[in-house]
Amino acid sequence: MKKLLQLSNCSMLLLFVTVGTLQAQTVSGIVVSAENNEPLTGITVLVKGTNKGTATDLDGKYELDLTSNEFQNGTLIFSGVGYVQLEVNVNSRQTIDVALSIDTQLLDEVVVVGFGSIVRKDMTGNVSSVKSKELSSVPVNSFETALQGRTSGVFIQKSNGKLGQGINIRVRGTSSVSASSQPLYVIDGIPVISESQSQIADTNPLSDLNVDDIQSVDILKDASAAAIYGSRGANGVILITTKSGQAGSTRINVSYERGYSSETNRVEYLNAAEYVELFTEAAQRSPSGDLSGSYLENNWFDYFAQGTDWKNNEIDTDWQDESFQNGSNTDFGVQISGGTEKTRFFVSGGYSDQIGIMRSNEFNRMNARLNLDHSASKKFDVGMNLSVSRTENIRVSNDNQFATPLQGVAQSPLSPVYTPEFDGNDNLIGFSDVPNKNTLYYNFLRHIKGVNNNQTVFRNIGNLYANYNINDNLAFRSEAGLDLLFQNEDYFADSNTNTGENTHGYGDSRWVNLVNYTLNNYLTWNQQISENHHLTTVAGITFENSNRYQTYVSGTNFPTDDFKKLASAAEITGGNTTETEYKYLSYFARANYKLNDRYLLSGSARIDGSSRFGDNSRYGFFPAISAGWIISEENFLSDLGALSFLKLRASYGLTGNSNVGNFPSRGLYGGAGYAGSSGLIPTQTPNPDLKWERTAQYNIGLDFAFLNDRVGGEIDYYIKQTDDLLLNVNVPATTGYTSQLRNVGELENKGFEFVINTQNSVGVFRWSSSFNIAFNKNKITNLGGQVIEGGFLNRAVEGEPIAVMYGKEYAGVDPDNGDALYYLHSSDGKNYDAGTTNVYSDANNVVIGDPNPDFVGGFTNNFNYKNFDLGVLFQFVYGNDIYNGGGRYQSANGDFFDNQTRDQLKRWQNPGDITDVPEARLFGSNGSNPSSRYISDGSYLRLKSVTLGYSLPQSLLNKLQLRDVRLYLSGVNLLTFTDYKGWDPEVNTDLYDLSDNLNIGNDFYSAPQARTISFGINIGF
Amino acid sequence: MKKLKLIAGPLFIVSLLFTACDGLLDTTPKQSIDADEVLTNAENVRSVLIGAYDAIGDGDLYGGYFLLIPEYLGANNEFDFSGTYFSPRQIRLKEQQYDNGNVTSTWIDAYNAINVVNTALDGLDLLEGAEKDRVEGEAKFIRGMVYFDLVRLYAPQYVNGGQNTQPGVPLVLEPTTTIDETSNVPRATVNAVYTQILSDLNDAKALLDDTNPIRSYYANSMVASAVLSRVYLQMEDYSNARLEADRVISSGKYSLTNTYAGAFNNVENSTEDIFAMQVSAQDGTNSLFTFYSADSRGDIDINQIHLDEYETGDDRLNLFYHDPDDGVLRSGKWNNGIDGNVQQIRLAEMYLTRAETNFRLGIPYLGDSPINDLNKIRNRVNLPIYNLPSDFDLADILKERKLELMFEGQLLHDIKRTKRSVGARPYDDPKLVLPIPRREIDANPKLCQNASYQGLSC
């Protein structure tokens, strides 16, 4: 009986199988991405209502056996991380190909956090992410620029339109006064060099990166996310992950792009006739008496004209024509990826050549990368990421030098650009190719012709890792990273330049060798404790060492201008080598706990030791805690039809900032030489108690999604309070020192961030939008009575936002006499009742401007129709003021002979005239002293990028045997809406160090941004 | 059990990796040494003294602005400042504000130099014998000279016979080791500052040899006397000024150069240089070149009215030239910007001081008669010599002094001590005194401001 039963069971089974086989129908197909028709691997295909399913293979293919019922009436569910789930009725079809569209709500996307990653849905902190597709869609030479407008609460500003120049990034406001507020950059787990190494204006070491190599950028904004980076987390952390290979057939991508650029804007200056008119009037009305007539004409106009006929405007130079040139860029890239299950690789190479919009400015980059992952066994993975690059920046001079092209606008329009030539009757017959030496200021073209100013950077970032899965739950990972940066600045000025004319040429060469290495070792324990409890923990140690070595040599007296290297310098005038280093040793741990898929709890801690700090406070402790509640998982909410996801988050944590010099706590003496003998001088007084500044941050946030995730977003509110500010406290100079770095003072950033993503249309015509806006309010709450000055009018003042502009408030022009007026105010603040004065020094200084924006944000729209795609990004900044440091020279109603902006023609001329431009008075300083006259609103709305793409249809691709081909046309900075009077509102002069928090919102003949139009092609094999 | 082993092995390795090594964080500065290592040996003390010379050679002090400011403030119409730098332009126009950049940096660098000198003086116990005297003498010479220039620029003129309780400048005589409340030093009286200057310079005069044994261009006893003669002259203490000037002249160490032009733009000190800041292509600053020379900014435009002050045939006129770029007149005294030394005191000044003081004090003359001393100066520049004492008066002596020393940083100080005026401004016009810098008033609540400037008045 028992046997029989067995047999019958067997036959039942056999029967069942036979029946199944008989009635089974096979359905197969290929799953691709709707974005780019790329096959998708690992997409789950499930028969609805059953556990029956499979996954797509490396080529996106699947095959599934269905019962006849399923074949006729069943439904397949296609789902995968990052894609919108799709349900398809089988309807007796044997082939079902589907295209999955990307889920813009990204609730399932994997977010990289320090020492691990997490699914966005389970996150309790605040992290902004940008993926490779968004990054590569805009032609830019640095990835940060591509982040502009796409990441909420991250303010990104290029300092000017020179190539490779420094960039300002502020994550949730400025959280320091004297220490740098730039974020920490981590590439593939390794902190990298991001500070400028240039001896002149700041450059951006991150421009050594190839944007095409980047898989994702994740920005840790709140304390619960950033506290794992401890004493360097307070300014936010930018985690960059590079691409890695996937097992499967080898894929080759080739891209080419060609672009053309020009300046976003020009400013109107006086032409020759207007110049003569204004300065004749100014000379007549000079406080030194009537200076028109022979003094003005012989000493000045004749001198400018250099023998040409200024009375008939024979020369009418628009110096902006000389300063700007047509820019262009050519970019070429190849990426190859693939591999087997055991070994995956990603190889890329790129070449980028850019010609800037400022005369003689060029930048080019060559780079290569190999990312390799190997699974030695099921338990053991090893790999390495290695990149090499060389960038060359042919630079123009810093702002505030007449050698920099744009400062040429200060020259008189009466001056010829090149030396004029005359016939025997003194008639102008042409110009030589020698720049005119007799101009009001040094003619920058002499510099362009006679100066080599090249910065070359060799960069090598590499890291090795080994990952060992001790068991299913416990893994040990070890990472070693190396960041090598070798930079040469080669400078030569020939004997026709102001730098070299007295010394038969001048040359210098400076090498910076930077070696950073990092060791990370950590254990990850990941366990589903029971059905409802899930715990992930990580704990480890990290050590970082940075060593910087610099050599410098300078020399003069070259045989001829053809000799440009120091080997030919008869006199070596200077030389030195310097070396410095810093180290960090840190211990960290983090735990994430999830209960019932809806209650989230996370805690982290880091102990940081730094060589930078005093013996009395070498180690600091940085804890953070956060919690989340996925309300939509609760039963009481499960029926709210439209609402598909709702999560409440809250976090609190401490982070630090230690972005200061390497030996700030010590009393130091440095070398000094006199007449060939060496000496010693004190350079710094000791402060053994010095420690990092501490930022406590509270964050509360809400994540939501409606209508099957077609509408979703995030709302966050935060308070960041920084105390123990690292402050360069002014001390009486009678001590022999001017400042001392101390932990004094407090400041606060409060803000609100709002992100909304929508899919407005799905199907054949797809339209998605993303909008973000971030408000931040900065306030210095305590400075211990200190007043700290920065660039131009910038100051740190208690009770005010950082770097407010402080000075005299301009009150316009006295209609009776044309005098510039200033509000008197009172010594304790604004008081308009006190009236006005025409004596500049009698007016009290008050806060007259705030360079911090009230809010920043962006608005992206992406459209897809058949093979066409269109992306449009607007970016905006609102409520910040800009001080034009050059205003007192260029908009000074004819105070000195600098050419004037055209608006100065509106000067006061007769009693009763109502205008805001005072009477023109040569040498009269009538309204030209620094005041709010030169402050204007820097708000702007910019059409940051527009990209129109066309992908070749599959049929054609098949014929051509190509995987995909996309052609595109792209524009950057096409339109700017602003009231700013200068060239471009996205500006901060490179005259000062960019990491200086007290130099913001200043313009000084700064190069405007470039407007670029480019076309490109991507080909996939 | 097996499982435990499996975990324990790696854990042991991991724990090794995790072992803390505090020593890992030790770093040492490579371009600096720790402050507490400095005053531990004699060599370092000697080095700090050299550091002090470097400090006073700065472009804001004796490499430039200590010599530029008295000309800017003392000029009426002799020259204009045509450059775009606002700070010197303000000073030339006597419109300097209390946040003027040069007013600020000269103050800062002067006290920086004083702190270096005070440090050297603090280390004297590490030295012995003659070397101890030499270092002390040179250090006190530098300190006395810097305080003299500070008090002349930043405080009202010394009043001969007065109490001189008007505020001078803060007196700091100890090196700074920590910065606290006691670092807020108030302004000492003009009297106290001059007392300190005299004490330092007289100590230097006594401690130093007539020739410096280390380098000829370091300070010596004669240099101290030369500066002392200036100090006494500024105090209208003519007999002491005469004594010191005569001591320098009669030492025979120095002689006038053959030509007037030969006294300037020298790479090595000339026979006439009593003290000069050394400049080489590698080292030192000559900011006077920057503003005076056509080869540099050429911001100081000499007016014809100044040339008219010279007598016909005066060889000193030949040092002026027309700027090849714009035809403007320039002084040729500061034309070597690469390695031309910056002369501070020349023998010619000693002759003029002795002539003036002998003239004022009358017979018996010390050293030589005013007519002979003046003729030494006039003879060199091809001017007719005076034959009789009645051929000249005090005004002529002062004019000779002005023309001889023009553009060398004495103009304002001579005007003040002789109570003449700068154009319409009397010698005690408040704008002929610099303001205490704003940053200093902000940092030190114990400071008060000079008349006519922003900040709490004294």
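Start by selecting N265(B): with a relative accessible area of 24%, N265(B) is partly exposed (buried means under 20% relative accessible area, exposed over 50%, and partly exposed in between, using a 1.4 Å probe and protein chains only). You will find N265(B) in the loop between helix 9 (238-250) and strand 3 (273-277) of chain B. Helices (H or I, at least four residues) and strands (E, at least two) are DSSP runs, numbered from the N terminus.

Two notes before moving on. This is a predicted model, where local features need pLDDT of at least 70 and side-chain atom pairs count only at pLDDT 80 or more, while totals for chains, interfaces and linings use all residues. Residues are numbered from 1 along each chain as its sequence is written, chains are lettered from A and ligands numbered from 1 in the order in which they are written, and side-chain values use heavy atoms, with hydrogens and water left out.

**Chain B as a whole**

Chain B has 16 helices and 9 strands, and its C-alpha atoms fill a box of roughly 120 × 55 × 45 Å along the principal axes. Of its 458 residues, 59% count as buried. Among contacts (heavy atoms within 4.5 Å) between residues of chain B at least 6 apart in sequence, 68% join residues at least 24 apart.

Switch to a surface view. Chain B exposes about 17,100 Å², and carbon and sulfur atoms supply 51% of that area. Areas here come from the Shrake-Rupley method with a 1.4 Å probe, and for residues only the protein chains shown count as cover. Colouring by charge brings up 42 positive and 65 negative side chains in chain B, and the centres of the two sets lie 3 Å apart. For that count, Lys and Arg are positive and Asp and Glu negative, with His and the chain ends not counted; each charge is placed at NZ of Lys, CZ of Arg, CG of Asp or CD of Glu.

**Helix 7 of chain B**

Next, select residues 190-207 of chain B, which form helix 7. This helix has 18 residues and reaches 25 Å from its first C-alpha to its last, close to the 26 Å expected at 1.5 Å a residue; the expected span is 1.5 Å times one less than the number of residues. Which elements do the buried residues of helix 7 pack against? Show helix 6 (129-154) and helix 8 (221-234) of chain B to see both partners. The buried residues of helix 7 include V190(B), Y194(B), I197(B), L198(B) and L201(B), and also Q196(B) and D200(B).

Jump to R297(B), in the loop between helix 10 (287-292) and strand 4 (300-302) of chain B. R297(B) is partly exposed, with a relative accessible area of 30%. Leaving aside neighbours within four places in sequence, R297(B) is in contact with T84(B), Y85(B), T290(B) and F291(B). Draw a distance from R297(B) to T84(B): their C-alpha atoms are separated by 9.8 Å, although the two are 213 residues apart along the chain.

Then go to P364(B), in the loop between helix 12 (347-361) and helix 13 (370-380) of chain B. A cis peptide bond joins I363(B) and P364(B), with omega at about 0°.

**Over to chain A**

Two strands pair if DSSP finds at least two bridges between them. Strand 42 (residues 804-807) is joined to strand 46 by 3 bridges, and G807(A) stands opposite V846(A).

Strand 43 (residues 810-813) and strand 44 (residues 820-823) of chain A run antiparallel and are also joined by 3 bridges. Here G812(A) has L821(A) as its bridge partner. Their hairpin has 6 residues between the strands, and G818(A) takes a positive phi near 80°.

Finish at R766(A), in strand 39 (residues 765-782) of chain A. Is R766(A) buried or exposed? R766(A) counts as buried because its relative accessibility is 15%. Not counting residues up to four places away in sequence, R766(A) touches A34(A), E35(A), S761(A), N862(A), F863(A) and N864(A).
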